[in-house]
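Me: I would like to learn how to read a structure, one feature at a time. Could you take me through this one?

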Amino acid sequence: MKKILIMAKFEIKMPKLGESITEGTIVSWSVQVGDTIQEDDTLFEVNTAKVNAEIPSPVSGKLSEIFFKEGDTVAVGVTVAIVDTGDTGEEKPVSASENVQTPPPASGEKTVTKETETEVKAESDRWYSPVVLQKAQEAGISKDELDRIAGTGFSGRVSKKDIELYIDQKKKGNTQQQAETGKEKTVPQSTATQATEKETPVLQIPYSGEDEIIEMDAVRRIIADRMVQSKKISAHVTTIMEVDVTRLAHWREQHKEAFLKREGIPLTFMPAITEAAGKALQDFPRINSSVDGHRIIQKKHIHIGIAVSLNDGNLIVPVIKDADKLSLSGIALSIEALAKKARQNKLTLDDIQGGTFTITNYGSFQNIIATPIINQPEVAILGVGSVQKKPAVVQTTEGDMIAIRHKMYLSLSYDHRIIDGALGGMFLKRVADYLENWDQ
């Protein structure tokens, strides 16, 4: 009879990479069984219906088991690997018959670790690495206090740097500021809002043997669910306005060749529209909000999502972060880069999160008017129609004249729970004013 040290084992599970995501496909492993890894080292890359993401390790230790191979699709929450984080300091006797290593499962085989294996998990269901827990214990930080620290790690996890910064700020009596400088906090939805998200009863649709039955793919299922959800949550109102963009059209015509030569991408109307929307959101910050029950969450940053049509007919909305702080060229390059990544299925989780306002350009298909559905949890979405030449009455010093003008329709769908017609109309008019009086 001999004794062995009990090793603390940490389960690496398939993370939830966005709302409505239920599974992910492992694209590649960055580590192998037996490798020693550090906290935040990349373990594997995963592809979902919406994004690609590199998954970091929440703990340091030795990778002892991998349960799925590259190409396997794994449900959210299923354990994909085990990391030995070090011995617990405890010993137990082992007989000769017990001292036999169990071979790892075949690739793709699901495995559940024994209940006796140590999990580094808080009562709040929030995960902490052994390093974080040790530093918290040494600093006299309770579990409740630890749960309130804003994490900047993957999925809001508290990293080693977070706990060290918190401890340092606590010594200075400034822990509240530290907690608010982390990732944007998620405000839980009210019970009333959650009640509106129940699934819609499925209608029994009659069909014949000649009809074609097409199963929705994962992305289309997400889009379908979110569109129905949005109509249930928000009291939709749409305001439409015709805008004279002749000055902008002439400016674009004069600069498009130089822009293409300098930046390497075509100069479209979208960067100007995005810039105008960013300015208008600064002027009317209530539009840059979300709703939580009877509370209005007015966002500090302006992150504008641009709807992108994919080659398979689906739609995704990558986000330009702090769009109001970018130059016109910066906006144009961001739109081009995000659209390219979207169509190559290379968007990361960060690329599609955090939007505060969305623009959808149905004008690219020569459509002139539409009533877009709000992209939750935002409260407004701007629709952009095609630019068309039209005869119009123009006021001059010599009187009214008929002239050929470049016209387009803008449509703003907004949430009437917090945006009334006056505010929605003023915001849309401000966007139009910036475009009609374009001056670069």
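**Reading a helix residue and a strand**

Reply: This is a predicted model, in which local features need pLDDT of at least 70 and side-chain atom pairs count only at pLDDT 80 or more, while totals for chains, interfaces and linings use all residues. Residues are numbered from 1 along each chain as its sequence is written, and side-chain values use heavy atoms, with hydrogens and water left out.

Me: Where does S230 lie, and is S230 buried or exposed?

Reply: Helices (H or I, at least four residues) and strands (E, at least two) are DSSP runs, numbered from the N terminus, and S230 lies in helix α6, residues 218-233. Buried means under 20% relative accessible area, exposed over 50% and partly exposed in between (1.4 Å probe, protein chains only); S230 has a relative accessible area of 0%, so S230 is buried.

Me: Which residues is S230 in contact with?

Reply: Contact means heavy atoms within 4.5 Å, and, leaving aside neighbours within four places in sequence, S230 is in contact with H236, I373, I374 and Q376.

Me: How do I read the two faces of a strand?

Reply: In a regular strand the side chains alternate between the two faces of the sheet. In strand β17 (residues 380-384), five of the five residues are buried, with A380, L382 and V384 on one side and I381 and G383 on the other.

Me: Which strands are joined to β17 by bridges?

Reply: Two strands pair if DSSP finds at least two bridges between them. Strand β16 (residues 357-360) runs parallel to β17, with three bridges, and I359 stands opposite L382. Strand β19 (residues 399-415) runs antiparallel to β17, with five bridges, and Y414 in β19 is the bridge partner of A380.
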